[in-house]
Amino acid sequence: MQEQEQIQLIKDFSNLSGAPGFEMEVAQYFGKRTAPYGKISRDGIFNTYVDRTENTGKKPVVQLDAHADSVGFIAQAIRPNGLIKFVTLGGWAPTNVPATRVRVRNQDGKYIKGVVASKPPHFMTEEEKKKVPQIAEMSIDVGSTSREETIEQFKINTGCPIFPDVDCEYYDSTRLFFGKDFDNRVGSAALVDVLDQLHGKDLGVDVATALSTQEEVGTRGAQVTANKISPDLAIVFEGCPCDDTFEPDWLIQTGLKKGPMLRDMDTSFIANPLFEEYAARLADQHQIPYTRSVRTGGGVNGAAIEYWNGAPTIVIGIPVRYEHTAYNWTSLDDYQHAVELVVEILKDLDAEKIASFHG
Ligand SMILES: [Zn+2]
């Protein structure tokens, strides 16, 4: 895939709407983009599977995963003044929600622009200014002046999904993207890219790719994909949160332009250490930059897959600044290095190496 095509792929994925449970757009786009590389199927929670054309059914199965969903909101009820009371889909810090520009998918499937309303500082008491805002007290304003107008004219009511509304931009000068949902649309794009680079190539393993859903509400989609695929080994692409703007140098474990991150552990998951070391040595050999991370928070699909049937699993993160807000940065070079590392791993793996990860 040419670089211009990679840039467009990431922009396309970023611009799609795909809150947890409402990933249809992302699933359809992914299916369209991967159709040249295998047989596509989808289940009832929009997990999309690609059975690679070159698969034999006789080799160990490697599951390649990324999640399609990104944090969003859902309408809970319409207030008497026409504003939308909402709840979060996925983890948001309440301080990062007010003044976010959003689009609501109405009951006709049309997108309506809006904003998370906040009280102007003029009307805030001193106490209110110091307080952390509560999601339950916030509203989304689509420019309606009554409950009837929101329900009847705008066709918005309980259950309508709400997405951040930001157009992705790419800057040649810095090779950075600015946009939304890089957690985990950069991983989604990486799946397409890996399949493209391996197209027509004979491998020592069969590759079962699944773009899974509902990760942000507890790795639900990956529990289903792991069950269906029952892999012998798994590689998970993630958009992982950068710590490089607030940690000292010696503690930075995920940084913009520092290469992909190999996740040793988080609160949900411990990577198979033999597979992890193998991946790190292969990266060294190919001079691919990377960082390692040990996290005291977070959770990844690696947990859902690894603890399904004990398949050795690693998580490869593409660094994203300010994820779980509407405005993120990510780097084309980090993306390319993550793809390159996974391509090299898949070209190198065979049954013997996979067996060696069992210790
Ligand atoms: Zn993620």
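The model is predicted. The chain has 359 residues and a radius of gyration of 21 Å, which agrees with the value near 21 Å that a compact globule of this length would have.

**Overall fold**

- Taken along the principal axes, the box filled by the C-alpha atoms of the protein chain is roughly 65 × 45 × 40 Å.
- Buried residues account for 54% of the 359 residues in the protein chain.
- When contacts between residues at least 6 apart in sequence are considered, 76% of them join residues that are at least 24 apart.

**Nonpolar cores**

- In soluble globular proteins, nonpolar side chains tend to be buried together.
- The largest nonpolar core in this model holds 68 residues, and Ile235, Ile345 and Leu346 are those with the most contacts inside it.

**Leucine 83 and isoleucine 78**

- Leucine 83 is placed in the loop between strand 4 (72-78) and strand 5 (84-89), and with a relative accessible area of 16% leucine 83 falls under the 20% limit for a buried residue.
- Not counting residues up to four places away in sequence, leucine 83 touches Ala77, Ile78, Ala117, Ser139, Ile140 and Asp141.
- Leucine 83 and serine 146 are 63 residues apart in sequence, while their C-alpha atoms are 7.7 Å apart in space.
- Isoleucine 78 belongs to strand 4 and is buried, with a relative accessible area of 6%.
- Beyond neighbours within four places in sequence, isoleucine 78 is in contact with Leu83 and Ile84, and also with Arg147, Thr150, Ile151, Ile156 and Asn157.
- For isoleucine 78 and isoleucine 151, a separation of 73 residues in sequence goes with a C-alpha to C-alpha distance of 7.7 Å.

**Cavity and pockets**

- Rolling a probe the size of a water molecule over the atoms shows where empty space is left.
- The largest cavity contains about 60 Å³ of space, and the residues that line this cavity are Ser70, Val71, Trp92, Pro164, Asp181, Asp183, Glu216, Glu323, His324, Thr325 and Asn328.
- The lining of the largest cavity divides into three nonpolar, four polar and four charged residues.
- The largest pocket holds about 430 Å³ of space; of the 16 residues that line this pocket, Ser118, Lys119, Met124, Pro133 and Glu137 lie nearest its centre.
- In the lining of the largest pocket, seven residues are nonpolar, three are polar and six are charged.
- The second largest pocket holds about 340 Å³ and is lined by 22 residues, with Pro241, Arg263, Arg295, Gly297 and Gly298 lying nearest its centre.
- Strand 13 (residues 233-241) gives the most to the lining of the second largest pocket, namely four residues, and the lining of this pocket as a whole divides into six nonpolar, seven polar and nine charged residues.

**Local backbone features**

- Most residues other than glycine have a negative phi, and most peptide bonds are trans.
- Aspartate 183 and asparagine 184 are joined by a cis peptide bond, with omega about 15°; asparagine 184 is placed in helix 5 (residues 182-198), and Asp183 is one of the residues that line the largest cavity.
- Glutamine 214, in the loop between strand 12 (206-212) and helix 6 (220-229), has a positive phi near 55° although it is a residue other than glycine, and at 15% relative accessibility glutamine 214 counts as buried.
- Tyrosine 322 likewise has a positive phi, near 65°, in a residue other than glycine; tyrosine 322 is placed in the loop between strand 16 (313-321) and strand 17 (328-331), and at 39% relative accessibility tyrosine 322 counts as partly exposed.

Note on methods
Residues are numbered from 1 along each chain as its sequence is written. This is a predicted model: local features need pLDDT of at least 70, side-chain atom pairs count only at pLDDT 80 or more; totals for chains, interfaces and linings use all residues. Side-chain values use heavy atoms; hydrogens and water are left out. On a 1 Å grid over the protein atoms alone, a cavity is a set of points where a 1.4 Å probe fits but cannot get out, and a pocket is an open set with protein on both sides within 12 Å along at least five of seven lines; lining residues have an atom within 4 Å of a point. Grid points are joined across faces, edges and corners, and a volume is the space filled by probe spheres set on the points. Ala, Val, Leu, Ile, Met, Phe, Trp, Tyr, Cys and Pro count as nonpolar, Asp, Glu, Lys and Arg as charged, and the others, Gly among them, as polar. A nonpolar core is a set of buried Ala, Val, Leu, Ile, Met, Phe, Trp, Tyr and Cys residues joined through side-chain atoms within 4.5 Å. Buried means under 20% relative accessible area, exposed over 50%, partly exposed in between (1.4 Å probe, protein chains only). The radius of gyration is taken over C-alpha atoms; the globule rule is 2.2 Å times the number of residues to the power 0.38. Contact means heavy atoms within 4.5 Å. Helices (H or I, at least four residues) and strands (E, at least two) are DSSP runs, numbered from the N terminus.
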